[in-house]
Amino acid sequence: MHHPSGGPDDDSGALFGLDALTPGPAATDRPSSFRTSAEARRMLPVREIHAEPAAAASPRGRQITARFPDARVTMVDSHWRIPGLHGNQGNVERWVRVKGETLVEKKTLATRPNGRSADWIAPGASHGCAMACAYCYVPRRKGYANPITVFTNIDRIIAHLARHVARQGRKPEPNQCDPEAWVYDIGDNGDCSVDALICDNTADLVHAFRQWPTAKASFATKFVNPDLLALDPRARTRIRFSLMPPDDARLLDVRTSPVAERIGTAADFLDAGYEVHFNLSPVVVRPGRQDAWAELLRHLDDVLPRRVKQQAAAEVIMLTHNQDLHEVNLGGWHPRAEEVLWRPELQQAKRSENGALNVRYRNRVKGDAVRALRALIDRHAPWLRVRYAF
């Protein structure tokens with residue numbers, strides 16, 4: 001996911017807010033290849049739906065209502081203003097409980113240039129996530145707990161993308177995103193693997209991109225959803241499994257699939273027709289990190305079959321944190337995480353596009369860390385091409 005540039009004026013319409021009253025299972029380190037579909041669906045024990053009327057009446061809205069038939073539906077005026085849910089930094093005691101889904105019909109559609117992970121950022125089909133990573137920027141957009149917002153106008157999104165792809169024509173030359181295809185990130189502010197538990201938006205996007213020979217979809221994920229294996233992407237969708245040392249993930253990647261599980265399913269997704277890459281992300285500067293990353297890279301080298309290695313590439317993304325989220329974590333959500341996330345002696349302020357005060361590692365610290373990780377990759381996983389480091 002990348003930093004959002006939109007805000008409350010970017011979308012409006014009908015909303016479904018689904019409030020999960022009981023948390024899903026926490027991540028474990030069991031060495032299974034992936035969760036069963038039944039286990040994956042327990043990620044979203046939805047009990048309450050907040051809905052804008054137009055979304056409730058749309059075909060996609062009716063699909064979601066049917067998927068969660070026992071949920072109570074409450075109509076609201078705007079997905080940006082749900083009493084008791086959004087704009088409430090003190091909601092930490094209910095953080096996981098409100099990790100449901102919110103359905104919204106998007107008013108404006110825009111495809112933005114990127115140039116790092118993808119050539120383009122596609123119009124979002126969702127916003128928010130059922131997971132609760134301690135450093136994630138997305139929850140700050142809607143009162144920190146931020147349930148999933150699912151956009152119901154998927155037909156308009158796909159039609160917009162079809163026109164955009166057609167206008168681009170063939171890619172004139174290779175770049176770090178892809179040697180041949182225009183790459184569109186379809187999961188900028190959410191996790192498409194989790195979205196697929198809610199409705200067919202992810203499936204519709206995967207099916208659309210397989211019709212466009214000059215384009216390719218891409219999304220990062222920390223959740224292993226075996227339902228995606230049946231979508232037949234025909235090599236037109238790139239799935240990027242986000243990885244960090246398991247000790248870091250146990251502390252910071254709350255409610256995600258274990259790192260070993262994300263790695264263990266890579267071959268299954270390749271065989272199902274996906275291009276499989278990895279995000280080494282976020283890289284957290286903390287004592288012992290080089291040994292931890294070396295162990296993770298050796299594990300990758302040991303367990304991944306040759307066919308995965310031959311097509312794999314990686315992104316290296318250093319941690320960016322936020323002062324307000326730091327205070328929320330300290331206030332009760334996850335104070336232990338801040339012991340490694342908040343390092344003022346190593347970090348400098350960075351004002352984001354939407355005015356938020358973020359912190360990132362100082363240039364020298366970041367440069368040293370990136371060079372050290374590249375050296376570890378060269379030593380322990382030399383087959384892993386680094387597409388870019390940010």
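The model is predicted, with local features needing pLDDT of at least 70 and side-chain atom pairs pLDDT 80 or more, while totals for chains, interfaces and linings use all residues. Residues are numbered from 1 along each chain as its sequence is written, and side-chain values use heavy atoms, without hydrogens and water.

**View 1. Helices H4 and H6.** Helix H4 (residues 154-168) packs with H6 at an angle of about 25°, their axes 11 Å apart. The two helices are therefore roughly parallel. Ile 154, Ile 158 and Leu 161 of H4 are in contact (heavy atoms within 4.5 Å) with Asn 201, Asp 204, Leu 205, Ala 208 and Phe 209 of H6.

**View 2. Burial of H6.** In helix H6 (residues 201-209), seven of nine residues are buried, meaning under 20% relative accessible area with a 1.4 Å probe, protein chains only. Among them are Thr 202, Ala 203 and Val 206.

**View 3. Helix H14 and its cover.** H14 (residues 363-380) has 18 residues and reaches 26 Å from first C-alpha to last, close to the 26 Å expected at 1.5 Å a residue. Its buried residues include Val 365, Val 370, Leu 373 and Ile 377. The elements covering the buried residues of H14 include helix H10 (289-303) and strands E12 (275-283) and E13 (313-318).

**View 4. Asp 185 in strand E9.** Asp 185 belongs to strand E9 (residues 182-185). This residue counts as buried because its relative accessibility is 0%. The Asp 185 side chain reaches the backbone nitrogen of Asp 188 at 3.4 Å.

Methods
Helix = DSSP H or I, 4+ residues; strand = E, 2+ residues; numbered from the N terminus. Expected span 1.5 Å × (residues − 1). Buried < 20%, exposed > 50% of the residue type's maximum accessible area, 1.4 Å probe, protein only. Polar contact = N/O pair within 3.5 Å; in protein donor to acceptor, adjacent residues only side chain to side chain. Axes fitted to C-alpha atoms, helices over the stretch in contact; angles between N-to-C directions. Parallel < 35°, antiparallel > 145°, perpendicular 65-115°, else oblique.
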